[in-house]
Amino acid sequence: MKTLVFFTAITLLPFSVWAQTPAAQPDTPTTTAPSQEVSFDVSGYNYVEPGDRSISIHGVKIGGEYSGAFQLNARQHWFVRTNVRGKTGMTNYDGWCGPWLITPDRSSPNGYALDIGDFSACDDSGNRDWYLEGRVLTGKDFVGRHWTWSPEAGVGVRHLSNALDGIAGYRVDNYLYLPIGLTARTAIASHNVLTFNVEYDHLLRGWQTTHDSAFGGGDIDATPIAPAFTIDGMTDVSFDQHQGWALRAGAKVDMTRHLSIEPYWIRWNVEGSNDNFETVTYTVNGITAQEDLGFYEPHNTTNEVGVKFNLRFR
């Protein structure tokens with residue numbers, strides 16, 4: 001909230017406080033000029049749930065992006081920016097798996113309670129992973145002698161889909177967040193501009209659904225202490241996440257009037273959710289029962305490091 005208050009205060013200051021006598025301007029403006037831009041990018045992606053049983057979903061992603069900038073008030077340098085970005089790639093899962101087990105329980109209709117046994121390390125590879133993100137931000141350019149400073153804020157949405165064990169969309173995240181950023185630009189040649197951008201994203205609400213129903217069922221072999229049994233099916237389980245943030249940083253260099261290259265870094269940090277329950281139906285000795293098992297979405301981080309190749313149209 002302190003960052004939001006700062007942004008509000010800085011944009012309400014009189015323009016004369018920030019304005020300086022400008023130097024000769026390049027053919028490519030350092031202000032947020034009306035333009036459209038399409039991008040191609042490649043990145044390394046790593047989602048981690050830290051802890052004693054940490055997991056990692058990682059791989060290389062490729063994607064594309066459309067960005068548009070539009071002037072709200074050309075004289076006072078107010079603008080609005082919008083962009084839509086999509087990424088996809090094949091990822092690998094390194095984590096933990098736990099076996100189904102049953103233990104005697106007189107209160108159960110079939111005489112056994114269902115649980116999950118000791119976890120052991122496991123992995124899975126070649127899963128389709130993708131996300132789609134859309135944002136709208138408004139801001140103002142403050143033109144100095146050598147640099148233009150452009151604070152901005154707005155709203156963003158992010159949809160993430162992870163596959164597992166060949167199940168497309170097994171795990172789905174939706175985020176609503178508040179982006180607050182600052183862009184700095186300076187001319188480095190007659191047609192070239194160097195741009196730095198930093199941004200803080202405050203998570204307003206997150207919704208996560210794990211589609212365990214897609215696993216269906218299966219038979220579990222007998223052990224020395226329990227008979228064979230069958231998992232008939234599971235329900236999906238959903239969680240709400242209320243605390244989290246992201247940091248973004250990038251540096252864009254114009255190679256020509258229309259082409260630029262941009263290394264970037266994105267880090268998400270989302271806190272764990274409250275517990276929620278899914279229902280598992282299982283059959284022992286021909287008698288079917290149901291068990292409610294509790295789960296939660298753990299604290300997780302995502303790091304993405306990549307490079308964009310941007311083609312700009314004015």
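A few ground rules come first. Because the model is predicted, local features need pLDDT of at least 70 and side-chain atom pairs count only at pLDDT 80 or more, while totals for chains, interfaces and linings use all residues. Residues are numbered from 1 along each chain as its sequence is written, and side-chain values use heavy atoms, with hydrogens and water left out.

**Enclosed and open space**

On a 1 Å grid over the protein atoms alone, a cavity is a set of points where a 1.4 Å probe fits but cannot get out; a pocket is an open set with protein on both sides within 12 Å along at least five of seven lines, and lining residues have an atom within 4 Å of a point. Grid points are joined across faces, edges and corners, and a volume is the space filled by probe spheres set on the points. The count comes to 3 cavities of 30 Å³ or more.

| Space | Volume | Lining by class |
|---|---|---|
| Largest cavity | about 780 Å³ | 11 nonpolar, 15 polar, 15 charged residues |
| Second largest cavity | about 50 Å³ | 3 nonpolar, 2 polar, 5 charged residues |
| Largest pocket | about 1,500 Å³ | 24 nonpolar, 12 polar, 11 charged residues |

The largest cavity, at about 780 Å³, is lined by 41 residues, and E37, S67, R81, K252 and E262 are the closest to its centre. Strand β14 (residues 244-254) provides the largest share of this lining, 6 residues. Helices (H or I, at least four residues) and strands (E, at least two) are DSSP runs, numbered from the N terminus.

Around the second largest cavity you will find R85, Y131, E133, R158, R248, I266, W268, T302, N303 and E304. At least two lining residues come from each of β6 (120-140), β15 (259-270) and β18 (300-313), and β18 has the largest share, with 3 residues.

The largest pocket has 47 lining residues, with Y93, W96, F119, Y170 and F295 nearest its centre. Here strand β3 (residues 78-97) gives the most, 5 residues.

**Strands that meet at β18**

Two strands pair if DSSP finds at least two bridges between them. β18 pairs with strand β1 (residues 35-49) in the antiparallel sense over 13 bridges, and R312 in β18 is the bridge partner of E37. β15 also runs antiparallel to β18, joined by 12 bridges; in that pairing, I261 has F309 as its bridge partner.

**Two residues to look at**

S43 sits in strand β1. Its relative accessibility is 4%, so S43 counts as buried (under 20%; exposed is over 50%, partly exposed in between, with a 1.4 Å probe and protein chains only). The side chains of S43 and K87 make a polar contact at 2.6 Å. A polar contact is a pair of N or O atoms within 3.5 Å; within protein, one must be able to donate a hydrogen and the other to accept it, and residues adjacent in sequence count only if both atoms are side-chain atoms. Leaving aside neighbours within four places in sequence, the contacts of S43 (heavy atoms within 4.5 Å) include G59, Y264 and E304.

P34 lies in the loop between α2 (15-18) and β1. With 41% relative accessibility, P34 counts as partly exposed. Not counting residues up to four places away in sequence, P34 touches A69, Q71 and R314. The C-alpha atoms of P34 and T91 are separated by 37 Å, with the two residues 57 apart along the chain.

Terms used. Nonpolar A, V, L, I, M, F, W, Y, C, P; charged D, E, K, R; others polar.
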